[in-house]
Amino acid sequence: MPETRVVPLFSARVVERLSAGATSRPERVIHSLDGIEDPVQPEALAATGQSLWKHVEAQLSYADSTADFLLGLDAGGILPTVALATASHLPYKIAWKLHLPLDGAVRFREPHAMRTDVFAYGIAPGQRIVLVDDEITTGQTLADLTVRLREAGAEPLAAACLVEDTTRGARALLDSLGLPLISLTTIGAAP
């Protein structure tokens with residue numbers, strides 16, 4: 001008889017960074033899919049992607065929109081993007097911190113990183129895109145990406161993340177741009 005494995009619930013917390021650079025945040029959100037503390041079971045990745053996709057799908061249905069593809073952000077956004085692509089059957093792209101001679105380049109900034117310039121390639125007018133990252137704190141990166149995609153004629157439909165830090169104003173910033181923020185879980189100030 002096949003083994004039945006219990007898939008743990010998604011969890012996240014904030015930890016102090018011991019070697020933060022001058023422009024980096026002094027803390028880091030870690031979560032149960034990043035593999036930092038414990039090995040990640042494939043079932044957990046799939047279940048988390050399914051859970052997040054249900055929320056994204058509800059938002060897109062509400063807005064009467066369909067996405068052409070997912071656009072994940074370099075490093076932390078790769079796993080949730082792959083999980084969402086698997087759950088949704090949508091193709092995906094990843095924005096990288098690589099400046100390459102490729103068509104359809106959109107350059108945006110990640111202000112709290114050591115290397116701030118990020119590039120999405122193959123962006124064309126009319127493309128409908130769901131943005132994906134693992135965690136959102138200030139929302140500055142996704143806000144800049146949204147503006148740059150719109151300048152290129154693309155249409156960001158929503159931003160999806162695993163963890164939203166509710167203490168830094170990301171949701172209000174993205175709302176001001178008309179970009180819905182969909183988060184699987186939130187963390188905030190201690191009670």
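User: What is a pocket, and how much space lies in the largest pocket of this structure?

Analyst: A pocket is an open set of grid points where a 1.4 Å probe fits, with protein on both sides within 12 Å along at least five of seven lines. Rolling a probe the size of a water molecule over the atoms shows where empty space is left. In this predicted model, the largest pocket holds about 500 Å³ of space.

User: Which residues lie nearest the centre of the largest pocket, and which elements supply at least two residues of its lining?

Analyst: The lining of the largest pocket comprises 25 residues, and those nearest its centre are Arg25, Glu110, Asp133, Glu135 and Thr141. Strand S7 (128-136) and helix H3 (140-151) each supply at least two lining residues, with S7 giving the largest share, four residues. Sorted by class, this lining has 10 charged, eight polar and seven nonpolar residues.

User: How does the lining of the second largest pocket divide by class?

Analyst: The second largest pocket, with a volume of about 290 Å³, has a lining of 11 nonpolar, six polar and four charged residues. Its lining numbers 21 residues, of which Ser11, His31, Ser32, Leu33 and Asp38 lie nearest the centre, while strand S1 (12-16), strand S2 (27-31) and helix H1 (42-62) each supply at least two.

Methods:
Residues are numbered from 1 along each chain as its sequence is written. This is a predicted model: local features need pLDDT of at least 70, side-chain atom pairs count only at pLDDT 80 or more; totals for chains, interfaces and linings use all residues. Side-chain values use heavy atoms; hydrogens and water are left out. On a 1 Å grid over the protein atoms alone, a cavity is a set of points where a 1.4 Å probe fits but cannot get out, and a pocket is an open set with protein on both sides within 12 Å along at least five of seven lines; lining residues have an atom within 4 Å of a point. Grid points are joined across faces, edges and corners, and a volume is the space filled by probe spheres set on the points. Ala, Val, Leu, Ile, Met, Phe, Trp, Tyr, Cys and Pro count as nonpolar, Asp, Glu, Lys and Arg as charged, and the others, Gly among them, as polar.
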